[in-house]
Amino acid sequence: MLIPLLALLAAQTEPAQSIDGRWINPAKSVIIQIAPCGDKRCGTVEWASAEAQADAHKNAPRLVGSLLLTDLVPQTATQWRGRLFVPDRNIRAGGRITIVGPDQIKVAGCALGGLLCDSQVWNRTSAATP
């Protein structure tokens with residue numbers, strides 16, 4: 001009885017996979033850099049297209065440099081939870097990042113008590129900032 005319990009505990013303590021790096025959204029209009037900030041992870045806008053900057057201007061006058069993802073902490077080996085900010089809609093919500101593959105993450109969030117939810121698959125990028 002003790003051995004199956006130990007095996008279950010060992011499986012639950014698998015270290016989280018890293019989400020650190022540069023990620024580009026599906027529209028290729030924003031690149032964020034996910035990196036440590038304190039003992040958590042944050043996603044900062046490193047580059048944004050002129051259109052993305054114009055869309056966000058009302059709620060984030062300086063999109064480049066803005067924190068879109070904050071307070072990210074691992075929940076499982078492939079899932080992180082934290083907060084996200086959608087500047088063009090001025091929405092702050094609970095967020096979840098799921099590692100889809102070595103070069104893809106799914107960024108999801110819900111606001112208004114789960115009434116407004118959305119997700120996107122972002123790709124890792126090593127390209128120079130456009």
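Three salt bridges were identified in the chain, a salt bridge being a side-chain nitrogen of Lys or Arg within 4 Å of a carboxyl oxygen of Asp or Glu. The structure is a predicted model, in which local features need pLDDT of at least 70 and side-chain atom pairs count only at pLDDT 80 or more, while totals for chains, interfaces and linings use all residues. Residues are numbered from 1 along each chain as its sequence is written, and side-chain values use heavy atoms, with hydrogens and water left out. Side chains of opposite charge can pair when their charged atoms come close.

In one of the salt bridges, Arg 41 pairs with Asp 20, with 2.6 Å between the closest N and O atoms. Arg 41 belongs to strand 3 (residues 40–48) and Asp 20 to the loop between helix 1 and strand 1, so the pair ties together parts that are 21 residues apart in sequence. Helices (H or I, at least four residues) and strands (E, at least two) are DSSP runs, numbered from the N terminus. Asp 20 is partly exposed, its relative accessible area being 24%; the term covers values between buried (under 20% relative accessible area) and exposed (over 50%), computed with a 1.4 Å probe and protein chains only.

A salt bridge is also formed by Arg 22 and Glu 46, whose closest N and O atoms are 2.6 Å apart. This pair links distant parts of the chain, Arg 22 lying in strand 1 and Glu 46 in strand 3, 24 residues apart. Arg 22 counts as buried at 16% relative accessibility, whereas Glu 46 is partly exposed at 29%. A further salt bridge joins the side chains of Arg 124 and Asp 103 at 3.4 Å, N to O. Here too the pair links distant parts of the chain, with Arg 124 in strand 8 and Asp 103 in the loop between strand 6 and strand 7, 21 residues apart. Arg 124 is partly exposed, with a relative accessible area of 32%, and Asp 103 is partly exposed with a value of 44%.

The secondary structure comprises two helices and eight strands. From the N terminus on, these elements follow the order α-β-β-β-α-β-β-β-β-β. Of the 130 residues of the chain, 34% count as buried.

Several loop residues were examined together with residues elsewhere in the sequence. Ser 18 is placed in the loop between helix 1 (2–12) and strand 1 (21–24) and is partly exposed, with a relative accessible area of 47%. The C-alpha atom of Ser 18 is separated by 9.6 Å from that of Trp 80, a residue 62 residues apart from Ser 18 along the chain. Gly 38, in the loop between strand 2 and strand 3, is exposed with a relative accessible area of 72%. Between Gly 38 and Asp 71 the C-alpha to C-alpha distance is 9.2 Å, although the two are 33 residues apart in sequence. Asn 59 occupies the loop between helix 2 and strand 4 and is partly exposed at 26% relative accessible area. Asn 59 and Asn 90 are 5.8 Å apart, C-alpha to C-alpha, and 31 residues apart in sequence.

Rolling a probe the size of a water molecule over the atoms shows where empty space is left. The largest pocket holds about 750 Å³ of space. Of the 31 residues that line the largest pocket, Val 86, Pro 87, Asp 88, Gln 120 and Trp 122 are the closest to its centre. On a 1 Å grid over the protein atoms alone, a pocket is an open set of points where a 1.4 Å probe fits, with protein on both sides within 12 Å along at least five of seven lines, and lining residues have an atom within 4 Å of a point. At least two lining residues come from each of strand 2 (30–37), helix 2 (50–56), strand 4 (67–74), strand 5 (79–86), strand 6 (91–101), strand 7 (104–111) and strand 8 (116–124). Strand 8 gives the most to this lining, with six residues. The lining residues divide into 20 nonpolar, six polar and five charged, where Ala, Val, Leu, Ile, Met, Phe, Trp, Tyr, Cys and Pro count as nonpolar, Asp, Glu, Lys and Arg as charged, and the others, Gly among them, as polar.

Leu 112 is located in the loop between strand 7 and strand 8 and is exposed, with a relative accessible area of 64%.

Note on methods:
Grid points are joined across faces, edges and corners, and a volume is the space filled by probe spheres set on the points.
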